[in-house]
Amino acid sequence: MYENIKYEVKDQIAFVTVDRPKALNALNEDVLSELYKAFSQFECDDDARVAILTGEGKAFVAGADIAAMSKMNALEGRNMMILGHKLMNYMEAIEKPIIAAVNGFALGGGCELSMACDFRLASTKAKFGQPEVGLGIIPGFGGTQRLPRLVGKGMAKYLTMTAEIIGADEAYRIGLCEKVFEPEELLPEAEKIAKAIIQKAPIAVGSAKVAINNGYDMDLKSASRFEIETFTAAFGSDDKAEGMGAFLEKRPAEFKNK
Ligand code: CAA
């Protein structure tokens, strides 16, 4: 079904692995389309509650495919960027968590792909950066927008203008990743975190993503109003009755995603 990625669901976790290690998992149009398809599969699968996105081999994703882009005219390049934006906006809109397990190079489009995930766990071998200006272009899969939202405008400009590649500790320091693990611990720890999320109420987890992602780009007054409406939808769920009932009865909650 897929040629450039792997998709597997195990214990309610969808593992999405970019699997093009010969090109350090670089994103061409086929990879972008397959990722879009895999996340559609994840969105529609009630048995998959959290996705973990990672890369095969020594890279997470080393960027958009430079060999493919080198042959494109401006219109073709634009179309490819639209495809990337479509994928990354879609990942943000899916009402289930997507965790980036950044195992190695996350450069250019790879850093951008990780930023479209809900949070980033990094191996000590991870390298982050936006090296596009060295290729005569600028980030085109949302890097000029998501990077400043995560690390602030000054640091985003510093990284983008210098094209500096940073390690996991520096990425953690500036807020570009949320946790750092030894390489062999990355996937087991990502799985543990996914399982912890799976224990929680699914509608509430999804609503939190929707409230944060949508509210973040609104003014505070509109975002507060949006939070109230999103809160109310979760408050009306059977899982709210179960969660609060279980607390009061001093027993573990059994959520039904209703
Ligand atoms: N696109 C296409 N092929 C890539 C690639 C990319 N982004 N990154 C690596 N590869 C290929 C290499 O060309 C090489 O292929 P061959 O074996 O056929 O020569 C193979 O992957 C292995 O790469 P290296 O030999 O370069 O591996 P290395 O360990 O010496 O270096 C690296 C690793 C530092 C990540 C280096 O590969 C590199 O700098 N890659 C490019 C990173 C980059 O500039 N990314 C941004 C792309 S532009 C972009 O992403 C635009 C956007 O915003 C959408």
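What covers the buried residues of helix H11? I took this up after noting that the model is a predicted one.

**Entry: helix H11**

I looked up H11, which runs over residues 238-248, and found Asp239, Glu242, Gly245 and Ala246 buried. I then looked down the axis of H11: its buried residues fall within an arc of 130°, so they line one face of the helix. I noted the general rule here: an α-helix has 3.6 residues a turn, so residues three or four places apart point the same way. Turned away from the buried side of H11 is a face with Ala241, Phe247 and Leu248, which are exposed. As for my opening question, the cover over the buried residues of H11 includes helix H9, residues 202-215. After H11 comes Lys250, and I read its phi as positive, near 55°.

**Entry: Ile193**

I found Ile193 in helix H8, residues 183-198. Which residues does Ile193 contact, leaving aside neighbours within four places in sequence? I listed Ile99, Phe119, Leu121 and Phe181. I also checked Ile193 against Val50: they are 143 residues apart in sequence, and their C-alpha atoms are 9.7 Å apart in space.

**Entry: strands E1 and E2**

In what sense do strands E1 and E2 pair, parallel or antiparallel? I found E1 (residues 5-10) and E2 (residues 13-18) paired in the antiparallel sense, with six bridges. Opposite Val9 I found Ala14, which belongs to E2. The two strands E1 and E2 make a hairpin, with two residues between them. In the turn I noted Asp11, which has a positive phi of about 50°.

Conventions
Residues are numbered from 1 along each chain as its sequence is written. This is a predicted model: local features need pLDDT of at least 70, side-chain atom pairs count only at pLDDT 80 or more; totals for chains, interfaces and linings use all residues. Side-chain values use heavy atoms; hydrogens and water are left out. Buried means under 20% relative accessible area, exposed over 50%, partly exposed in between (1.4 Å probe, protein chains only). Helices (H or I, at least four residues) and strands (E, at least two) are DSSP runs, numbered from the N terminus. The arc is that of the directions from the helix axis to the C-beta atoms. Contact means heavy atoms within 4.5 Å. Two strands pair if DSSP finds at least two bridges between them.
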